[in-house]
Amino acid sequence: MQQQSQSTVQPVASGGAGPHAGLFEGYDPGKSFCELLRPAGASDQAIALVAERLAAMPLDELRRRSKVAETELFNLGITFTVYSEKDAIDRILPFDLIPRVISAPEWETIDTGVQQRVAALNLFLHDIYHNRQIIKDGVIPESLVLGNPNYRPEMVDFAVPAKTYVHVCGTDIVRDDEGQFLVLEDNARSPSGVSYVIENRHMMARIFSDLMQGLRVRPVENYGMRLHEALAEVSPGGNNPRLVLLSPGIYNSAYFEHVFLAREMGVPLVEGRDLVVEDDRVWMRTTAGLAPVHGIYRRLNDDFLDPEVFRPDSQLGVRGLMRAWRAGNVAIANAIGTGVADDKAVYAYMPRIIRYYLGQDAILQNVQTNICGEPEGLKYTLDNLDKLVCKPVGESGGYGIVIGPRASKAELEELRATILSDPANYISQPMIQLSVAPTLVEDGVGPRHVDLRPFAVTGEKTWVLPGGLTRVALRKGSLIVNSSQGGGSKDTWVLEEGGLA
Amino acid sequence: MSDQMTTPTLRGPLLSRYAECLVWMARYIERIENLARIVDVTDGFSRQDAGESGWLSVLNINADAEKFFKRNVFANSGTVTNFYILDRDNPTSIANAITQVRENARTLRPLISTEMWQHINVFYGEVRGLTQADIAPSRLSGVCAMLKEGCQMHTGITEGTFFRDQGWIFYAIGKYMERADQITRLVDIKYHTILPEGQEPGSATDVNQWFAVLRAAAGYHAFRRVFPRDVSPGAVVGFLLLNHAFPRSLVLSLQQIEAYISQLRSGYGLHGGLAALERLDDLRGRLSEHTPQSIILVGLHEFMDNVQQDLMNIQKDIAADFWPVPDVA
């Protein structure tokens with residue numbers, strides 16, 4: 001069986017099946033940019049080779065391997081848990097075996113662009129919690145920062161080590177119909193998904209090694225080590241600080257990722273009840289008594305971290321943690337109060353924020369965003385309501401979004417009134433024709449929309465994991481890649497220069 | 001040799017919560033295996049002469065009768081096997097034990113090997129997937145074999161892949177604590193199993209039942225080797241409780257617990273465990289004063305009850321030292 005399946009994929013480029021034949025028979029990305037079957041001439045040789053190998057694979061064989069992958073994900077417990085009244089149901093994030101491939105020059109843009117963005121986010125956070133120069137200089141409205149629910153007055157004048165607030169950043173990136181990368185959102189609080197980046201690669205190595213053969217794909221396995229290094233750089237405790245990962249516990253839907261990261265970093269996975277603060281120092285409860293802790297990678301929201309300062313009813317946090325942090329006795333990553341920087345309204349200002357602090361143009365463009373709090377933005381938005389996507393800035397999870405081209409006349413009129421009643425609460429963006437990638441679906445292999453979330457790790461410097469979480473909207477035509485709404489994921493291959501071994 | 005190999009104290013500390021979960025994960029796995037053995041042997045009894053009375057004794061040795069009769073009228077093969085294998089509302093069922101194993105393993109995932117986790121995850125699915133049809137009389141023995149094998153596979157994977165630091169020791173302590181407890185219950189089952197009318201202790205039926213207990217504990221052939229011509233209850237009881245070579249005997253388990261706790265103190269510099277060691281010493285002293293005959297004379301059931309109480313206290317001592325409940329500020 002194994003031997004048979006190996007022979008179905010040509011190990012090297014050969015004649016025969018063209019890129020649109022075989023597996024890709026009838027594949028039509030329409031107006032969207034396709035990540036794999038690029039326009040002739042423009043395609044990277046290695047990407048073309050991947051397409052060619054896939055084209056030669058029978059659909060049944062792809063389905064067979066896909067089934068094996070699914071079973072393995074269940075058995076390995078790479079699942080998130082959905083709780084009903086009586087039962088805990090384990091779901092897997094559907095995994096699509098056709099990889100998303102990124103060429104070396106494309107990655108160069110993402111890598112430098114993300115680094116630039118993270119640098120600007122950190123400078124912005126330091127500024128707004130200290131001098132607030134950017135507000136004084138009129139680059140961003142004061143109300144947007146100080147009135148933001150994620151702004152934490154507790155952070156004012158506290159100097160975090162290396163001025164790093166955002167140690168782990170996930171930047172959501174899409175591509176438009178011309179293949180240009182655009183940032184959709186910054187995730188500077190507690191971005192998740194990196195475990196899938198690495199587990200997907202392991203899965204591909206087990207099930208689809210013949211597809212990768214002879215290609216120089218950049219490794220993703222050292223993420224845990226890099227994260228450990230970065231946190232050690234900003235932690236007290238000398239050369240060998242003790243780090244832990246703080247999780248809400250096994251009932252959290254991202255628990256698998258917490259386990260994964262703790263293992264990859266080689267640190268204990270702790271819950272709030274395992275830690276105690278005494279004399280402004282953090283300790284963990286061990287079989288030998290209390291042992292010091294110097295750095296905490298927390299996967300717990302600000303609100304729950306310390307009942308002494310934030311929600312007093314939190315059972316998940318550690319009483320006194322803020323005191324220990326402010327005393328410089330422990331590092332906390334990400335810092336508290338980073339949510340003000342990845343907010344939808346602040347996002348609109350990111351190109352200006354980058355220019356303000358770094359004197360550079362943004363390497364990765366924002367999706368063009370009209371700020372209704374500004375007269376020109378408001379006018380443009382109201383004039384083009386039927387063509388734009390309007391988003392309230394204070395909401396999350398897609399709540400309150402109106403997609404102009406899909407809204408009725410009455411809905412648009414209602415939207416107009418709502419925006420006019422509080423313009424500062426709205427932004428608008430054009431509809432983006434997201435890129436697609438070939439994906440195994442019910443009736444064969446079809447184009448499905450994808451996005452990309454690369455992960456940046458920052459201690460004293462920033463490093464971007466060469467890869468990222470490619471999420472794919474499995475429903476035809478859907479633009480929504482979230483796992484809660486029928487999204488899956490793909491392995492993301494970043495090629496070395498040249499791409500072929 | 002590197003420092004790390006010679007001085008294990010250099011290895012990282014172990015979270016108290018992990019130690020607690022390791023003990024319980026090991027205990028629940030051991031419990032499933034033993035419960036499967038008990039159901040299997042009772043199934044055998046009830047097909048022979050003892051009839052359905054054997055099922056009542058399973059409830060008695062586990063002190064579950066009261067709970068059971070709140071929801072059941074008769075104790076027979078159907079109701080009791082359902083209660084112990086499938087019933088999710090019964091906290092002492094295998095369905096719940098495997099859930100406990102998996103919940104503990106989930107907590108321990110950063111610590112245990114991927115292979116241990118994967119096996120538990122798959123085994124959990126198999127056990128939770130069992131239905132009424134699977135525990136029908138014709139298939140019951142097969143299900144018991146499946147349960148035993150699942151636990152044995154876990155044991156093998158653990159032996160071959162689990163890193164041997166403090167965590168391993170707590171795991172082993174849990175395993176032997178439960179094994180010690182369970183052997184006393186298995187011995188006790190004979191006390192509760194009523195002999196058919198006209199059959200005296202030492203009669204053919206009685207001896208057969210003792211052999212069935214030995215088989216349930218995987219000790220029949222070893223017993224034959226040690227006592228080729230002795231079939232007295234005393235010999236069987238002595239073998240199950242006091243034999244130093246039988247891997248499920250009470251004294252062997254107690255020895256192991258003692259050795260592992262000592263290793264925590266000497267090899268890992270932990271200060272806890274003294275109270276448990278004292279209690280173990282005391283228990284072993286009392287056992288060494290007894291012969292199988294004198295145990296039977298004192299009253300097998302009472303004796304087993306006392307041992308179970310001691311084991312509970314040892315567990316409490318270990319908990320108090322290694323995962324104390326934090327003072328509420």
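Trainee: How many helices and strands are there in chain B?
Mentor: Chain B has 16 helices and zero strands, where helices (H or I, at least four residues) and strands (E, at least two) are DSSP runs numbered from the N terminus. This is a predicted model, in which local features need pLDDT of at least 70, side-chain atom pairs count only at pLDDT 80 or more, and totals for chains, interfaces and linings use all residues. Residues are numbered from 1 along each chain as its sequence is written, chains are lettered from A and ligands numbered from 1 in the order in which they are written, and side-chain values use heavy atoms, with hydrogens and water left out.

Trainee: What does chain B span along its principal axes?
Mentor: The C-alpha trace covers about 65 × 45 × 45 Å.

Trainee: And how much of chain B is buried?
Mentor: 57% of its 329 residues, buried being under 20% relative accessible area with a 1.4 Å probe, protein chains only.

Trainee: Switching to helix 2 and helix 3 of chain B, at what angle do their axes cross?
Mentor: Roughly 150 degrees, and the axes of helix 2 (residues 16-47) and helix 3 (residues 53-61) come within 8 Å. Axes are lines fitted to C-alpha atoms over the stretch in contact, with angles from 0 to 180 degrees between N-to-C directions. That makes helix 2 of chain B roughly antiparallel to helix 3 of chain B, the term for angles over 145 degrees.

Trainee: Which residues meet there?
Mentor: On helix 2 of chain B, I38(B), V39(B), T42(B), D43(B) and S46(B); on helix 3 of chain B, G54(B), W55(B), V58(B) and I61(B). Contact means heavy atoms within 4.5 Å.

Trainee: Last one, how far apart are the C-alpha centres of domain 1 and domain 2 of chain A?
Mentor: 41 Å. An automatic or database domain assignment sets the bounds, giving domain 1 (236-329) and domain 2 (368-430) in chain A.

Note on methods:
Angles under 35 degrees count as roughly parallel, over 145 as roughly antiparallel, 65 to 115 as roughly perpendicular and the rest as oblique. Buried means under 20% relative accessible area, exposed over 50%, partly exposed in between (1.4 Å probe, protein chains only).
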